[in-house]
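Here's a quick tour for anyone meeting this structure for the first time. Have a look at it, then read on.

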Amino acid sequence: MNLTPGAVSQQVRALEDRLAVQLFDRTSGRYELTPIGAQLLSRLTHCFDGMENAVREVIDHTEPNRLRLKLAPTFAARWLCTALGRILRAQPGHRP
């Protein structure tokens, strides 16, 4: 999201002011969710997951033959990129 920790902190405080609730306990020198913060996180996570699924369904409908992988960057860079070249070259009708 390209936000500094200070910018995130300001946004959290602004949200807490707008909602008139404390979302984080800051007394121990660490940020820990309060019970109301945990409840909000749970509900918002459910909403964001629903939005992600809806967008994925639209993309899958418009691009049914696209393969999507979630990989660790080091695995993708060190193994998959080289293996993918070999896999593609082994396919019938492959053009360089």
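At which residue does H3 bend, and by about how many degrees? H3 bends by about 40 degrees at Leu80, where the bend is the angle between axes fitted to the seven residues ending there and the seven starting there.

This is a predicted model, so local features need pLDDT of at least 70 and side-chain atom pairs count only at pLDDT 80 or more, while totals for chains, interfaces and linings use all residues. Residues are numbered from 1 along each chain as its sequence is written, and side-chain values use heavy atoms, leaving out hydrogens and water.

**Helix H3**
- H3 covers residues 73-89, 17 residues in total; helices here are DSSP runs (H or I, at least four residues), numbered from the N terminus.
- From its first C-alpha to its last, H3 reaches 23 Å, close to the expected 24 Å (1.5 Å times one less than its number of residues).

**The largest pocket**
- About 280 Å³ of space lies in the largest pocket (an open set of points on a 1 Å grid where a 1.4 Å probe fits, with protein on both sides within 12 Å along at least five of seven lines; lining residues have an atom within 4 Å of a point).
- It has 13 lining residues, and Leu15, Leu23, Phe24, Leu40 and Leu44 are the closest to its centre.
- H1 (5-19) and H2 (35-62) each give two or more residues to that lining, with H2 supplying the largest share, six residues.

**Cysteines**
- There are zero disulfides (pairs of cysteine sulfur atoms within 2.5 Å).
- Cys81 counts as exposed because its relative accessibility is 54% (exposed is over 50%, buried under 20%, partly exposed in between, with a 1.4 Å probe and protein chains only).
- Cys47, at 45%, counts as partly exposed.

Notes. Points joined across faces, edges and corners; volume = space filled by probe spheres on them.
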